[in-house]
Amino acid sequence: MISARVWMAARYWAALLFLVTGCSVASPLPAAGLRPLPLLMGGWIRDPITRKVDSLQPTLQWETFPRPEDLKADTDGRLADARSVTYEIRIWRADDGAPGELVYARTGLAEPAHTLDTPLAPDTLYLWTIRARFDLDGQPRVTQWAVLLLVRSDGLRPDARRTLLPPSGYYELKTPTQADARGS
Amino acid sequence: MYQRLTLVLAVAVFLTHSGCAAAVDPRHLRLPPPPSEAMRSQVGVVRITAGSSATDLKFVGPAKGAGEGAMRGSMLGGLGPIALGAQLGPGGVMAGILLAPVGAVVGAVAGAVRAEPTATVEEKEAAVRKTLGELKIQEEFLGCVTRALRETSPQIMVADSGTESPSTILEVAIEMFGLDAGCCINPPLTYVVTEHTRLLRGSDGAELYGHWLTYRARTRPLDEWVAQDGTLLKEEAGRACTSLAEWLVDEVFLLYLPTEEGQAKR
């Protein structure tokens with residue numbers, strides 16, 4: 001009798017634990033284009049959208065192109081023949097949450113990582129994005145600029161194909177104060 | 001759920017009665033998939049031409065004088081309590097409706113006081129229209145697109161006007177540009193530009209692809225746009241020209257979307 005009750009209670013708690021952990025498993029936040037690394041995770045405890053860096057010349061990393069999900073979605077199989085993959089990066093000073101002055105742009109990056117070769121301003125919020133450039137059957141092609149697809153303040157459904165420029169959802173980057181900057 | 005519905009209804013009533021609602025073509029909201037690779041392989045020699053549609057110069061600015069200020073203020077003051085009440089539920093909506101006349105009167109007085117004199121607003125509007133007119137936006141945009149195409153897509157052969165017969169025509173047009181604002185008495189304004197692009201077959205003019213893109217700059221008070229002979233307006237127009245042209249060229253000639261959406265026409 002007691003063992004049956006214990007068994008029932010154990011099953012109840014196991015089911016509850018499964019539900020709780022099942023619901024709280026973190027997954028990457030919805031995004032379009034290549035995603036910065038480490039991935040921003042959602043779930044019960046969501047990563048802060050603004051990534052704080054510890055240097056005024058931070059090293060930024062992102063996914064390698066083509067990703068397994070790109071190859072899977074590319075039903076024509078063209079991406080398997082993608083050649084000469086390079087990356088482009090752009091960084092803007094944030095202006096009321098939107099991209100303001102373009103302060104940094106590099107093209108032809110061979111690796112999916114880049115250490116800025118000029119310093120950013122301390123204690124400043126920036127927006128940044130990346131994309132891949134590659135050759136497909138000898139023709140240059142690009143991926144879309146990377147954006148986070150979060151619910152916007154105006155309530156509109158996030159959509160990487162909106163006709164409005166500049167797009168919302170570029171990744172946020174906050175530089176340290178001059179005193180806190182690594183190597184200062 | 002009910003609260004959200006009442007809020008949406010209240011906002012809809014507010015917008016339609018304030019004259020801010022306009023029919024929106026869905027094609028202006030979402031980009032189509034980029035041209036298929038098969039279509040791109042047929043592009044050949046491209047001629048860039050300006051579209052024939054007229055360019056609409058937009059200016060939605062502050063209220064002109066106490067009269068218009070009072071009208072706008074009464075609208076905002078009357079509908080504001082309903083929108084606020086909607087967030088509290090059905091009781092809130094009823095209270096909002098009862099308070100609407102009071103809000104309208106208060107809003108009208110505030111609007112009349114806050115509005116700038118008609119002559120002042122018209123003077124600033126004339127300065128803005130002069131600066132916008134001097135931009136020669138259609139010709140500038142054609143130049144921006146040609147530069148972007150030559151810089152980012154060297155594989156595309158661009159036909160010099162009149163010398164070669166193109167296999168494809170890239171028709172670009174600025175459909176609307178100007179300063180836009182919300183429905184307040186003295187709102188900040190946004191520089192806005194909408195372009196329309198069509199890719200046409202050279203032999204018969206059939207449309208192969210088309211899209212719209214809209215650039216919206218950050219909002220600024222009208223005084224800032226007008227200051228220093230419209231310097232900020234000219235700078236923003238240059239930024240918009242470059243951004244739109246670059247995005248346009250990416251969409252038509254370079255973007256590859258390895259997703260279900262991108263596959264739609266591939």
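Modeller: pLDDT is the predictor's confidence in each residue, on a scale from 0 to 100. It applies here because this is a predicted model.

Colleague: Among the elements of chain A, which has the lowest mean pLDDT and which the highest?

Modeller: Chain A as a whole has a mean pLDDT of 86, and 88% of its residues reach 70 or more. Its elements are 2 helices and 14 strands. Among these elements, the lowest mean pLDDT, 65, belongs to helix H1 (residues 2–24) of chain A, and the highest, 97, to E9(A).

Colleague: In what order do the 3 strands of the open sheet in chain A stand?

Modeller: Strand E6 (residues 59–62) of chain A pairs with E9(A) in the antiparallel sense over 3 bridges. E3(A) is joined to E6(A) by 2 bridges, and these two strands also run antiparallel. The order in the open sheet is therefore E3-E6-E9.

Colleague: Why is one side of E3 and of E9 in chain A left without a neighbour in the sheet?

Modeller: The sheet is open, with its strands in the order E3-E6-E9 (chain A). Strand E3 (36–37) and strand E9 (113–115) stand at its edges, so each has a single partner strand.

Colleague: Which residue of E9(A) is the bridge partner of A:Leu60?

Modeller: E6(A) has partners in both of the other strands. In E6(A), A:Trp62 is the bridge partner of A:Pro36. Towards E9(A), A:Gln61 stands opposite A:Ala113, and the bridge partner of A:Leu60 is A:His114.

Colleague: How many bridges join E5(B) to strand E6 of chain B?

Modeller: Strand E5 (residues 189–201) of chain B is joined to strand E4 (residues 168–181) of chain B by 13 bridges, and the two run antiparallel. One pair there is B:Glu171 with B:Arg198. E5(B) also runs antiparallel to strand E6 (residues 207–220) of chain B, where B:His196 stands opposite B:Trp212. The bridges that join E5(B) to E6(B) number 11.

Colleague: Which residue in the turn between E5(B) and E6(B) has a positive phi?

Modeller: The two strands form a hairpin with 5 residues between them. In that turn, a positive phi of about 75° is found at B:Gly205.

Colleague: Which element gives the most to the side of chain B that touches chain A?

Modeller: The contact between the chains involves 25 residues of chain B and 23 residues of chain A. On the chain B side, E6, helix H7 (222–254) and helix H8 (260–263) give two or more residues. By class, that side has 12 nonpolar, 7 polar and 6 charged residues. With 6 residues, the element that gives the most is E6(B).

Colleague: Which residue of E6(B) is the bridge partner of A:Leu164?

Modeller: Strand E13 (residues 164–165) of chain A pairs with E6(B) over 2 bridges, in the parallel sense. In E6(B), the bridge partner of A:Leu164 is B:Thr214.

Colleague: Which element supplies the largest share of the largest nonpolar core?

Modeller: This core has 46 residues, and those with the most contacts inside it include B:Phe141, B:Val145, B:Leu244 and B:Val249. Helix H5 (118–134), helix H6 (137–152), E4, E5, E6 and H7 of chain B each supply at least two of its residues. With 15 residues, the largest share comes from H7(B).

Colleague: How many residues are in the second, separate core?

Modeller: Among its members are A:Ala32, A:Phe65, A:Leu120 and A:Ala160. The number of residues in this second core is 27.

Colleague: Where in helix H4 of chain B does the kink lie?

Modeller: H4(B) spans residues 90–114. Its buried residues include B:Gly92, B:Val93, B:Gly96, B:Gly103 and B:Ala104. The kink, of about 45°, comes shortly before the proline B:Pro101 and lies at B:Leu99.

Colleague: What percentage of the 266 residues of chain B count as buried?

Modeller: Chain B has 8 helices and 6 strands. Among its contacts between residues at least 6 apart in sequence, 78% join residues at least 24 apart. A residue counts as buried if 20 or more other C-beta atoms lie within 10 Å of its own. By that cut-off, the buried share of chain B is 36%.

Key. Residues are numbered from 1 along each chain as its sequence is written. Chains are lettered from A and ligands numbered from 1 in the order in which they are written. This is a predicted model: local features need pLDDT of at least 70, side-chain atom pairs count only at pLDDT 80 or more; totals for chains, interfaces and linings use all residues. Helices (H or I, at least four residues) and strands (E, at least two) are DSSP runs, numbered from the N terminus. Two residues are in contact if their C-beta atoms, placed from the backbone, lie within 7 Å. Ala, Val, Leu, Ile, Met, Phe, Trp, Tyr, Cys and Pro count as nonpolar, Asp, Glu, Lys and Arg as charged, and the others, Gly among them, as polar. A residue is buried if 20 or more other C-beta atoms lie within 10 Å of its own, exposed if 12 or fewer, and partly exposed in between; C-beta atoms are placed from the backbone. The bend at a residue is the angle between axes fitted to the seven residues ending there and the seven starting there. A nonpolar core is a set of buried Ala, Val, Leu, Ile, Met, Phe, Trp, Tyr and Cys residues joined through C-beta atoms within 7 Å.
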